[in-house]
Each structure stands twice: as structure tokens, then as C-alpha cells.
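Hi everyone, thanks for coming. Let me put the model on the screen, and then I'll walk you through the parts I'd like you to look at.

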Amino acid sequence: MKIATWNVNSLKVRLPHVIDWLNTHQPDALCLQETKTEDKGFPYTELEAAGYRAVHNGQKTYNGVALLTRGGAENVQTDIPGFADEQKRVISGTVGGVRLVCAYFPNGQAVGSDKYAYKLAWLAALEQWLVEEIQRYPHLALLGDYNIAPDDRDVHDPAAWRDQILCSTPEREAFRRLLELGLEDAFRLFDQPEKTFSWWDYRAAGFRRNAGLRIDHILLSAPLAAVCTECGVDKAPRKLERPSDHAPVVADLAL
DNA sequence: ATGGCTTGAGTGTCAAGA
């Protein structure tokens with residue numbers, strides 16, 4: 001079973017890249033973030049023509065998450081239950097006995113800002129919800145744009161980013177607490193090339209200089225981590241014309 | 001040089017991203 005996550009930064013703009021990527025890699029599930037569209041503008045038909053059923057939790061202009069699967073997802077749920085939020089950041093569903101949680105974590109803008117406070121509150125709500133969700137679904141994967149670089153290894157210039165947004169200690173502690181729920185960072189189950197990132201700034205030739213961060217992740221519950229055979233970042237779509245600023249992260253499970 | 005690009009909104013220029 002192949003699962004993947006990709007922040008597409010507008011599905012409308014990136015649809016050709018997404019369809020090409022699905023055709024090439026044939027994942028069992030692809031989680032999308034920043035679709036930036038309401039459900040009524042969502043390209044269900046085009047994706048079905050490519051062999052994928054989609055469920056979407058969308059809104060105008062910002063955010064929006066979707067779960068693409070071959071045969072459709074079961075028990076689909078949107079948002080974090082009990083957490084009042086206008087922003088559409090979470091969609092979950094079950095595929096082949098695996099509970100997939102697709103999440104677009106808040107960016108936080110700047111440490112100490114109102115958006116940062118929202119990010120930390122959102123992270124606390126996610127953690128609280130996942131405690132129960134992992135009990136309910138022992139085979140659980142949390143995929144998405146976490147907007148957290150968990151370690152200095154995940155940062156092109158750790159000194160410049162120290163205590164900055166995406167790298168601050170409270171954010172990294174929140175990531176650590178997700179691991180303490182029994183989840184494992186699929187990427188770190190394997191030897192990886194140095195300076196592997198999943199996002200590069202559009203500005204200042206970020207991709208060319210590999211000035212990036214690893215902020216897109218796949219966390220696996222213990223039974224899934226035990227059968228994970230491979231995980232990595234696919235940089236190829238970042239090299240295309242008019243790319244998303246994020247690259248897909250892919251994991252293979254022997255299921 | 002707290003900029004640089006890209007997107008959506010909407011038609012001038014700004015918010016937001018990370």
C-alpha cells in the first residue's frame with residue numbers, strides 16, 4: 001500500500017501536476033492540502049477520469065484538504081471534533097483497514113502572533129483528539145503539511161531559523177508529543193540523504209539553492225511503522241514549470 | 001533591504017503563505 005501527502009498550493013493551478021503524479025506513481029491514497037477551493041469548484045470529474053475518488057473539506061481562497069483514493073474512503077470525517085474552527089484543515093477516512101488523517105497544520109506566521117497562538121491551540125486540540133483516535137483505529141497514519149521542522153536536520157540553515165516560526169521550541173515539543181502518542185516519523189525509519197527537504201521558498205531561488213525545510217510528514221502508528229518498507233520525498237514535481245512550493249512525501253506499507 | 005515569489009480576490013493592490 002502506497003500512501004502520500006502533497007501540499008499543492010491551489011488544486012486548480014496544480015491539477016495537471018497532480019494527475020500526472022497519480023498516473024506515474026499509482027498511490028493507493030494521496031492526501032492534498034491547500035486546495036484553496038470550495039467543494040463546488042473541486043475537480044471530482046477530472047480525478048475520477050484518472051481513477052481516483054475524492055473527498056474534500058474545502059473553503060474559498062485558503063486551506064482546504066482532500067483525500068484521494070482508488071475505491072473511495074469509508075467513514076469520512078471532517079475537521080477536529082469538538083474544536084470550533086472556521087478553517088478547513090482536516091479530513092479523515094479509512095482505506096484498506098488504514099485510518100488516514102489528512103491535515104494542513106496552521107502556519108503560525110510569527111512566534112508570539114495571534115496566528116501562533118491559534119497554531120498552538122490547534123496542535124493541542126489535534127493531540128487530544130488523536131489520543132482517542134489511535135485507540136479507535138490502531139492502524140492510523142497522520143499525513144500532511146505540519147508546518148513544523150522537527151529537528152535542525154530538517155532545516156537548511158538552522159542558525160538563521162533558530163526559534164523562528166516552524167522551528168520554535170513549543171512547535172517542536174508539540175511534534176514530539178505526537179510521537180509520544182505512539183506515532184513514528186516514517187521518514188526517519190530509514191537512512192536518508194543529508195538535507196532532504198519538502199518545501200522550498202519560491203523567492204530567492206530557494207529550490208535551486210536547496211534552501212528548504214522538511215515540514216511535510218507521514219506519522220505512523222506502531223503496527224503501520226512495523227510494516228513500512230520505504231519513505232521519501234519526491235522532488236521531481238518541484239522541478240516542473242509552475243510548481244507547488246511543496247514536494248510530495250511518500251510511504252510504502254507492506255499491506 | 002523583514003525583501004525576494006505565488007495564489008486568490010478582483011481590476012488595484014493586498015493578505016497570506018513559510
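I'll call two residues in contact if their C-beta atoms, placed from the backbone, lie within 7 Å. With that in mind, and leaving aside neighbours within four places in sequence, A141 touches I3, V98, L100, V101, I218, L219, L220 and L224.

Some housekeeping: this is a predicted model, where local features need pLDDT of at least 70, side-chain atom pairs count only at pLDDT 80 or more, and totals for chains, interfaces and linings use all residues. Residues are numbered from 1 along each chain as its sequence is written, while chains are lettered from A and ligands numbered from 1 in the order in which they are written.

Back to A141, which is among the residues with the most contacts inside the largest nonpolar core, together with L67, L100, C102 and I218. That core has 69 residues, meaning buried Ala, Val, Leu, Ile, Met, Phe, Trp, Tyr and Cys joined through C-beta atoms within 7 Å; buried is 20 or more other C-beta atoms within 10 Å of a residue's own. Strand β7, residues 98-104, gives the most to this core, with six residues. Strands here are DSSP E runs of at least two residues, numbered from the N terminus.

Now the sheet: six strands, open, mixed pairing, in the order β5-β6-β7-β8-β12-β9, where pairing takes at least two DSSP bridges. Its edges are β5 (74-78) and β9 (183-185). β9 runs antiparallel to β12 (216-221) over three bridges, and L183 has S221 as its bridge partner in β12.

Finally, which residues come nearest to DNA strand B? Of the 21 around it (C-beta, placed from the backbone, within 6 Å), they are S10, T61, N107, Y202 and R203.

Notes:
Helix = DSSP H or I, 4+ residues; strand = E, 2+ residues; numbered from the N terminus. Buried ≥ 20, exposed ≤ 12 C-beta atoms within 10 Å, placed from the backbone.
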